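Q: Could you take a close look at one part of this model for me, the sheet and the helices packed on it, and then carry on to the surrounding pieces?

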Amino acid sequence: MFTLGSVLDNDFKSTIEDFSFETEFSTNQLMLPNIEKPFEFAQSIIGLEKDLQENENQLMFHQQKKEERKERALIKGYKGTTTLAFIYEKGTVVAVDSRATSGQYIASQSVQKVVPVNEYMLGTLAGGAADCQFFLAHLGRICNLYELRNNEKISVAAASKLLNNILYSYRNYGLSVGSMICGYDTRGPQLYYIDSDGSRLKNSLFSVGSGSPFAYGVLDAGYRWDLSKEEALDLGRRAICAATFKDSYSGGTVKVYHIDENGWVKISDDDASELWYRYEEKEKKKK
Amino acid sequence: MAGKNCVAIAGDTRFGVRNQTVALDSNRIFKINNRTLFGMTGLNTDILTLRESFKFQMNLYNLEEEREISPKTFAHNVAQTLYSKRFGPYFITPIIAGLEGEDYTPFLCATDLIGAMEFPKSFVVAGTGEESLMGVCETFYKENMEPDELFEVVSQCLLAAVDRDALSGWGSVVHVLTKDGITTKRLRTRKD
C-alpha cells in the first residue's frame, strides 16, 4: 500500500542526493527499523499531541483510540518553551527560557535551548529536544565542511536552506523541530525560521513555543529597527520574562545572546523568577 | 499537615486557564470557625460555589445548634454534600484540617470529588502537584512538631513541590492553626 508520504520520500531522496554536495555526510542514511512499514511505525510511536491529531486519518492504526496510542507512545515530547529572536540595526538578539515539561511535570529547569552552529550563527531549540539538537549539530558539521571546501563563510540563507531541505525529506516522520537560525553575514543580521513541516520563513522578528503569544506582546510593542544595543538586549530579556510569567510551561532561566560581525556572545543568564521580582521593584520605585 | 496540638494548611494562589496564568491572588483556603480550616483544589467555579454553600450551611448550623461545628462533623457534611452530586459532581478535591475536642487533637481529612473520606494522621495533599507534594511531605514529615517547626516544614514542602509543577506557583499562603488562633503568612514563590 503506497501512502503519499513514501512516494514523496523516494522522489525527494534522489533529488537531494543529486544537488547536495555533502552526500557522504547527509542524514538521508538515518536508519529506519527493519519492519514492513517503517514510515507508519515511526508515526505510531510518537506521543506528540499535534502529530496524533494530524495523523488521525492517515494511519492504518486509526481504529485504535487516541488514548491507547498515546500510552503506547515511546517518544514522549518535552514541550513547552519560549524562544525569540529579532534583528536590528546593530545585529541579532536571541533570547530563550530553559524549562522542559512533560505534561505538567517540570522535567528540567536548565535546558540549553540555544545551539551554536558556528562562531557567527546560532540555532534555537523548540519542539522535540533530541530532534533539534541532532539536526542543529548536523547543520554545524555541514557548515564547517562548506567553509573548508569553499574557503568562505557560509551565508545564513544557505545554511537555513540546507537544514530546510533535510527536514523536508523527513516530513511526516514525526519529527518536531521549530528552530530559528540567527546569524550575521555579509548581508547583515539575518533571521530564518525553520519548521519540521518544511517551512522556511525570513523575517525581522520571530517567537516560537507555547509562550510565544505572550512574548510577541512585549516584543511587538517595543521593537524598532534603530534600537541601541542595550535597549535591544533589554527588550529580548523582558519579552522572555513576560512569557515565563504568563505561560506555565515556560520558565527556569532567561538567556540572552547577541550576534554581530564579530560573532555571537552570551550576554546574560538570569533566573526568570528573580528577574520578574526585580522588574516589579523597578516599577514600584518609578511610582 | 498535623503537628503537636496544631495543624497547618498551605496552598498556592494561582488561577490559570490551561497554560495561561490569569490571576495571582485566588484564595482557596477558608476558615470555617476557630477550630476548622477548609481548603479546596480543582475547578475554580466549583470552589467559589461550595465556599458560599458551606458558609450558608455553617451559619444555619450555628443558629440552630447554638455552638460551633467540630471538624469531624464538618468533614462528614462536606462528604455528604459532594455525594449528593454523585452523578454530576463538583470537580474539586477538598482538604479539612482542624483541632478536635477539649484537648485540641489534630484532625485531618481528605476526600475525592464524590466524598470518599480518608483520615490520615500525618498529612494530606491535593492539587495538580499532588504527586510531588506526597513525595516531599513523606520525606520531611515528623511526628509531634511544634507550630514553628510545622510552619517551616509545610512551607518547604509546598515550595519544593510547586517548583516541579508547571501549573502551580505564582504566590502561596500558609495558615497555622493552634489553640491560640490562626497565623497566616505569605511565601515568596517562583513566578515562572
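A: Happy to! Keep in mind that this is a predicted model.

Stepping back to the whole sheet, E5(B) and E6(B) belong to an open sheet of 5 strands in the order E4-E5-E6-E7-E8 (chain B), paired in the antiparallel sense. Strand E4 (29-33) and strand E8 (117-118) of chain B stand at the edges with a single partner strand each, so one side of each has no neighbour in the sheet.

The axes of helix H3 (residues 130-140) and helix H4 (residues 147-162) of chain B come within 9 Å and cross at roughly 145 degrees. The crossing of H3(B) and H4(B) is right-handed. On the H3(B) side, the contact is made by B:Ser132, B:Leu133, B:Val136, B:Cys137 and B:Phe140, while H4(B) contributes B:Val153, B:Cys157, B:Leu158, B:Ala160 and B:Ala161. By class, the contact of H3(B) with H4(B) has 9 nonpolar residues, 1 polar residue and no charged ones.

Next comes the boundary with the other chain. The contact takes 19 residues from chain B and 26 residues from chain A. About 1,900 Å² is buried between chain B and chain A, and carbon and sulfur atoms give 42% of that area. Three residues to look for are B:Arg164, B:Lys191 and B:Asp192: they supply 34% of the area that chain B buries against chain A, more than any other three residues.

Across that boundary, chain A has an open sheet of its own, with 5 strands in the order E5-E6-E7-E8-E9 and antiparallel pairing. Its edge strands are strand E5 (114-118) and strand E9 (200-202) of chain A, each of which pairs on one side only. From one strand to the next, the twist averages 25 degrees. Within this sheet, 3 bridges join strand E6 (residues 121-124) of chain A to strand E7 (residues 178-185) of chain A, and the two run antiparallel. Helix H5 (residues 129-150) of chain A lies across E5, E6 and E7 of chain A, at about 15 degrees to E5(A). Helix H6 (residues 156-169) of chain A packs on the sheet, touching E6, E7, strand E8 (188-195) and E9 of chain A. The direction of H6(A) makes about 5 degrees with that of E8(A).

Further along chain A, helix H7 (residues 212-222) and helix H8 (residues 229-246) have axes that come within 7 Å and cross at roughly 150 degrees. H7(A) and H8(A) are therefore roughly antiparallel to each other. Their crossing is right-handed. Among the residues making this contact are A:Phe214 and A:Leu219 of H7(A), and A:Leu235 and A:Ala239 of H8(A). Sorted by class, the contact of H7(A) with H8(A) has 8 nonpolar, 1 polar and 2 charged residues.

H8(A) also meets helix H9 (residues 272-286) of chain A, where the axes come within 10 Å and cross at roughly 105 degrees. H8(A) and H9(A) are therefore roughly perpendicular to each other. The H9(A) side of this contact is made by A:Ala272, A:Leu275, A:Trp276 and A:Tyr279. The residues of the contact of H8(A) with H9(A) divide into 7 nonpolar, 1 polar and 3 charged.

Finally, strand E11 (residues 253-260) and strand E12 (residues 263-271) of chain A pair in the antiparallel sense over 8 bridges. A hairpin joins E11(A) to E12(A) through 2 residues, and the bridge partner of A:Thr253 in E12(A) is A:Asp271.

Definitions and conventions. Residues are numbered from 1 along each chain as its sequence is written. Chains are lettered from A and ligands numbered from 1 in the order in which they are written. This is a predicted model: local features need pLDDT of at least 70, side-chain atom pairs count only at pLDDT 80 or more; totals for chains, interfaces and linings use all residues. Side-chain values use heavy atoms; hydrogens and water are left out. Two strands pair if DSSP finds at least two bridges between them. Helices (H or I, at least four residues) and strands (E, at least two) are DSSP runs, numbered from the N terminus. Axes are lines fitted to C-alpha atoms, for helices over the stretch in contact, and angles run from 0 to 180 degrees between N-to-C directions. Contact means heavy atoms within 4.5 Å. Angles under 35 degrees count as roughly parallel, over 145 as roughly antiparallel, 65 to 115 as roughly perpendicular and the rest as oblique. A crossing is left-handed if the near helix is turned anticlockwise from the far one by less than a right angle, and right-handed if clockwise. Ala, Val, Leu, Ile, Met, Phe, Trp, Tyr, Cys and Pro count as nonpolar, Asp, Glu, Lys and Arg as charged, and the others, Gly among them, as polar. Buried area is the accessible area (1.4 Å probe) that two parts lose on being put together, summed over both.
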